[in-house]
Amino acid sequence: MMLELTTEDQSMLDGEQGPAVAAAMKILVAFSNAVGARKLLDIAGAHIDGCLYHGQASLDFVERLVEGRGRVHVPTTLNVGSFDLIHPGLVKMPPSQEAPARRLMKAHLELGCQATFTCAPYQTRFRPAFGEQIAWGESNAIVFANSVIGARTNRYGDFIDLCCAMTGRAPAWGLHLSDNRRGQILFELTGSFEPTDALFVGVGLIVGQRSGDRIPVISGLPQPRDEDQLKALGAAAATTGAVALFHAVGVTPEAKTLDEAFRGMAPEATIRISRADIDHALAKLSIVPDGAPLAAVSLGTPHFSHEEWMRLLPMLREVAPGRGIPIYVNTGRATLKRLQEEGELDDAQKFSLIPVTDTCTYVTTIIERLDGVVMTNSGKWAHYAPGNIGVSVAFGDMEDCVRSAAAGHVVRSAP
């Protein structure tokens, strides 16, 4: 069945709104036909995952839209790039690679995108509302928008997300449609659990590994301390699997009850999660044992929220790590600006605290010592960093990370 286009869609396709919009609409139509969408729908915003330089093709695509005098049609945020534009010199890269990587970030701004450069656009003023149709790239942002906020997006990859932004349209298929948001597989937590950060990471890892292409429903999850714990769960699930939406019974907005999460239908399968399962999943994140000498700490993958900073900074002042071990904290530039205006980072250098914006320490060359152990509280960072930048990783709660920086070696509290 061919895609039905409105008069406005056809106008864009025919080039009446410029060559850039026509190119974007041509790609969007082909994609929509490929996935079997019958029509397009309006979107309220977009988030673009293509600012991280992976080769000339990514730059050529955006340059073509710039040359065609293109502008995004809806408010559009940008994911991380290859550089921290706020802190010059933090990223070390050969000039031959640096020039196109910087140009890619700048070219997106020339299309009218917002200079957010964060993997957590839900922490910005462009956060969508419940039920709002959006077109987002970046796996953790997608699962957070769908699950925690209840906005609606599919997992859009590079180029398609930008085509949606250029046209203000997206294919009416997948998670944009109510019928496709029903839970399909049930994960039951067995036993009593405290809402620790590690619990949410561990549950996310298991859910991602075991869900396949099915929408998971989680029952027995304790009420989270804040949405950052749900952020960590979703990021882990989208890292170890293809999860774009999860329902947590009594926690997330489309799952007030088990019956609501499954829309009155029975789950296709039920998987029980025990404390031992969670401990096993978390243990696999650490390559090194307790006591291993520490080279650095990396926090904020996904980007640290203001609330997470407000938990971290008092810990640093209380423990006062003074061994010079760098503590990198990836965060959005809007969050960093707020902290600076509040004076919260005035004593940051005492603790070797290094804020990182616009990028992330597991995707580019920021960490000075790659031959040592880096400790993190992020399931996503622990999963990707060994392969991406070649470091040995230890996983632990934020408190463990700070205590380890003070001790100079990996310290973890009992599970």
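Predicted model: local features only at pLDDT ≥ 70, side-chain atom pairs only at ≥ 80, totals over all residues.
User: Which residue is the bridge partner of Ala-296 in S13?

Analyst: S10 is also joined to strand S13 (residues 373-376), by four bridges, and the two run parallel. Within that pairing, the partner of Ala-296 in S13 is Val-374.

User: How many residues of strand S10 (residues 294-304) are buried?

Analyst: Buried here means under 20% relative accessible area. Strand S10 is mostly covered by that criterion. The count of its buried residues is 11 of 11.

User: Nice. Is Lys-284 buried or exposed?

Analyst: Lys-284 sits in the loop between helix H10 (275-283) and S10. The cut-off for exposed is over 50% relative accessible area. Because Lys-284 has 53% relative accessibility, it counts as exposed.

User: How far apart in space are Lys-284 and Gly-372, C-alpha to C-alpha?

Analyst: In sequence, 88 residues separate Lys-284 and Gly-372. In space, their C-alpha to C-alpha distance is 18 Å.

User: Let's look at the open sheet of three strands. What is its strand order?

Analyst: The edge strands are S3 (76-78) and S4 (135-136), each pairing on one side only. Strand S2 (residues 46-48) pairs with S4 in the parallel sense over two bridges, and Ala-46 has Ala-135 as its bridge partner in S4. With parallel pairing, the order of the sheet is S3-S2-S4.

User: Leaving aside neighbours within four places in sequence, which residues is Val-203 in contact with?

Analyst: With its neighbours within four places in sequence set aside, its contacts are Leu-189, Ile-218, Leu-221, Leu-233 and Ile-278.

User: Which helix gives the most to the lining of the largest cavity?

Analyst: A search of the whole structure finds three cavities of 30 Å³ or more, and the largest cavity holds about 200 Å³ of space. Among the 18 residues lining the largest cavity, the closest to its centre are Asp-228, Lys-231, Ala-232, Glu-308 and Asn-377. H7, H8 (227-240), S10, H11 (306-319) and H13 (379-389) each supply at least two lining residues. The one that gives the most, with five residues, is H8.

User: How many residues in the lining of the largest cavity are charged?

Analyst: By class, this lining of the largest cavity includes five nonpolar and six polar residues. The charged residues number seven.

User: And the second largest pocket: what is its volume?

Analyst: The second largest pocket is lined by 18 residues, with Asn-154, Leu-175, Asp-213, Ile-215 and Ala-244 nearest its centre. Its lining has eight nonpolar, five polar and five charged residues. The volume of the second largest pocket is about 380 Å³.

Definitions and conventions: Residues numbered from 1 in each chain as written. Heavy atoms only, no water. 1 Å grid on protein atoms, 1.4 Å probe; cavity = no way out; pocket = protein on both sides within 12 Å on 5 of 7 lines; lining within 4 Å. Points joined across faces, edges and corners; volume = space filled by probe spheres on them. Nonpolar A, V, L, I, M, F, W, Y, C, P; charged D, E, K, R; others polar. Contact = heavy atoms within 4.5 Å. Pairing = 2+ DSSP bridges. Buried < 20%, exposed > 50% of the residue type's maximum accessible area, 1.4 Å probe, protein only.
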